Every structure is written in C-alpha cells, then in structure tokens.
Amino acid sequence: MRIGMMTGGGDSSAINAAIRAVVRRGLEGGHTILGFKNGWAGPINGNYVEMTADSVSGILPRGGTILGTSRTNPFKMDGAVEQMRENLRLAEVDAMICIGGDDTLGVAHKINSLDPPIPAVGIPQTIDNDINGTDFAIGFQSAVTVATDALDKLHTTAESHHRIMVVEVMGRDAGHVALYAGIAGGADTILVPEHHFNIDEVIDRIKKRRQLGKTFSIIVVAEGAKPEGKQVAVSEKTDAFGHVRLGGIGEYLADVIEEKTGFETRFMNLGHLQRGGIASPFDRFIATEFGVAAVEMVEKGEFDRMVAIQCGTVSSIPLEEALTVRPVDERVFNMAKLFY
Ligand code: F6P
C-alpha cells in the first residue's frame with residue numbers, strides 16, 4: 001500500500017518517535033510511506049517526500065516533528081479539500097495516518113466522511129492530553145516532566161525569598177498538565193479550567209499557610225483556568241480552528257494576589273518550553289506502540305478510527321468519539337486538595 005502521513009497542530013516532544021514507528025513498521029510490511037509536510041498544508045499543496053529507514057534514523061528522542069506542522073484547516077479554505085483529494089490521488093495514496101490533537105483528528109474524521117471518503121486513521125498527539133477515549137496522548141508525559149522540573153526549581157527560590165510563585169502551564173480547555181505537574185511538583189494550589197475558581201479562596205489558602213508558618217506558596221494555574229468563570233486570552237483573534245490564544249492568567253493572578261495580600265509574588269509562564277526538548281521514555285514508548293498500531297489498522301482497513309491506550313492496552317476507538325474535550329479526572333482533582 002501507499003500510506004501518507006502528516007503531523008498537524010501544536011507540536012510536542014515524541015512525534016518523531018511515532019513517525020519513526022510508522023516508517024519502520026510500514027517498510028517492514030512492504031508499504032511505501034509518504035511524509036506530507038507542514039500539517040494539512042502538505043496534502044493541499046502536494047508537498048511530500050518518500051520516507052526511508054535512513055530518513056528516520058536518530059530521531060527517536062528528538063522533539064518537534066521532522067515533517068513540520070501547521071494549524072491549516074482545509075475545510076476553511078476555498079477548494080482546499082478537492083485540491084487535497086487530487087494531490088493524494090496523484091501520489092497514489094491509499095490511506096492517511098494523521099498525527100495530532102483534536103483539530104487534526106477532526107479533519108481526519110471529516111475526510112473519512114466525504115463522498116467518496118479519503119481513508120484515514122488517527123494518532124493522538126497533544127501535550128493537552130484532552131483527547132477523549134485514550135488515557136494518554138503523545139507528548140503529555142514529556143510536558144509534565146518539563147513542568148515538574150520547573151516546579152522543583154521554583155520551589156527553592158520561592159522558599160528562600162518567602163514568595164508566592166504563580167506558574168502558568170498550557171493545556172487549553174483542560175487541566176491535565178496543571179494537575180499532573182502540580183501533584184508531582186507539590187503545588188499548594190492547582191487551578192484548572194474544569195473548575196471555576198474564586199481568587200479570594202486562593203488568597204485565604206495562602207494566608208492560612210502563612211499562619212501555619214509556611215512563608216511561601218506555589219500555585220499552578222492552567223492557561224484556560226477561569227477566575228470567576230472567565231478565561232484570560234492574549235488576544236480575541238482566533239486561529240483556523242476557532243481557538244483564541246490563551247495566556248496571561250498567571251500574571252493576572254500574581255498581580256491580584258500581591259495587591260490583596262501584600263506578599264511578594266512572582267509569576268512564570270512555562271509556555272512553549274513544555275512542547276520542546278527530549279521526549280520522555282514513556283512518550284517514546286507509546287508513540288512507538290501507536291505508530292505500529294496505526295499501520296496495522298490501515299492494513300486491516302480500520303478507517304475513521306484512532307489508536308488509543310486504555311488501562312495499559314493499545315486499542316482503537318472511532319475518531320468521532322475522540323473529538324470531545326476530555327476533562328481532568330474528578331477523583332484525582334479532589335485527591336490533589338489533600339496536599340494544599
Ligand atoms: O494544543 C497545544 C497547545 O500547546 C495548547 O496547550 C496551547 O494553548 C496552544 O497549543 C498554543 O498554540 P500556539 O503554539 O499555536 O500558540
């Protein structure tokens with residue numbers, strides 16, 4: 001078979017491990033693997049390369065994606081879907097493997113639903129870990145590692161200076177990075193988009209800690225967290241998938257806390273650091289499992305589905321089911337409060 005592959009949306013640290021697995025398993029199965037460049041822009045513009053074992057040599061731990069990425073939405077561009085269909089026909093592509101988050105997977109689902117369909121399978125990849133039906137998406141564990149490492153470092157300086165440290169992490173409308181890193185890094189308060197919060201309650205908690213002799217506090221806030229029910233965005237401008245650019249909640253919170261408590265407060269936005277660098281061993285492992293499983297799904301004709309990991313077992317689910325935002329686990333969120 002001739003299998004196309006693309007990576008779309010925000011990058012993360014273990015995409016290359018998945019690309020390598022698709023190529024290695026694909027070649028082993030006697031298939032030709034075509035790597036389309038820069039997200040959906042690749043199929044739209046007919047921009048691809050034939051992948052070889054050499055082209056994926058040495059990329060296993062490397063962050064980013066050797067195929068490049070973009071937030072291109074073919075369904076928002078005049079004629080792009082037909083252009084993509086024609087380019088895939090010219091390249092004699094039998095099926096696509098699409099690696100990305102909800103936006104990329106949403107397009108993968110839509111092209112499967114065209115008449116006639118463009119057969120595609122999905123691999124979940126996003127540091128946000130908000131894809132429904134899979135315990136983990138590629139990139140999440142690496143992002144949590146970066147954020148936890150940052151919290152460990154910020155702890156010592158917060159303690160020495162008797163400061164409040166507000167640390168903003170990514171995650172869009174889900175708080176998985178905040179919750180996992182917050183628990184692993186010993187945060188004193190974790191704020192996630194799934195639960196609106198009241199700033200005065202956060203301040204009360206900081207004051208109570210002071211009364212107990214703890215002169216510093218570490219607050220982890222997800223970029224999508226909602227003080228009094230409203231998110232903070234860098235700008236109201238939306239991308240091709242309709243998302244505003246979130247960010248700024250950490251600075252906002254730090255200002256209000258300092259003003260209302262008089263305690264010295266600093267903020268740190270970990271930003272894109274969470275998406276870069278060496279992939280964690282667990283991410284490399286699931287990326288490898290996912291890449292191999294995706295090729296096997298193509299061989300079996302199991303289209304319009306996404307590989308998933310549930311309770312340690314790799315399986316697959318209909319793409320459509322994957323597309324709703326998976327919130328943080330309530331039990332874990334409540335457990336975190338034990339340590340505030
Ligand atoms: O979806 C991944 C993500 O990193 C989100 O956590 C974040 O809101 C967004 O992408 C940032 O996107 P960009 O890199 O396009 O600014």
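The model is a predicted one, in which local features need pLDDT of at least 70 and side-chain atom pairs count only at pLDDT 80 or more, while totals for chains, interfaces and linings use all residues. Residues are numbered from 1 along each chain as its sequence is written, and side-chain values use heavy atoms, with hydrogens and water left out.

Let me start with the strands, where helices (H or I, at least four residues) and strands (E, at least two) are DSSP runs numbered from the N terminus. Strand β2, residues 32-36, has four of its five residues buried, so the rest of the structure largely encloses it; buried here means under 20% relative accessible area, exposed over 50%, and partly exposed in between, with a 1.4 Å probe and protein chains only. On one side, β2 pairs in the parallel sense with strand β1, residues 2-7, over four bridges, pairing being called if DSSP finds at least two bridges between two strands, and I3 stands opposite I33 of β2. Strand β3, residues 48-50, pairs with β2 in the antiparallel sense over three bridges, and there G35 has V49 as its bridge partner.

Turning to helix α6, residues 176-184, its buried residues are H176, V177, A178, L179, A181 and G182. Just after α6, G186 takes a positive phi of about 70°.

Finally, which helix holds M335? M335 lies in helix α11, residues 330-336, and it counts as partly exposed because its relative accessibility is 31%.
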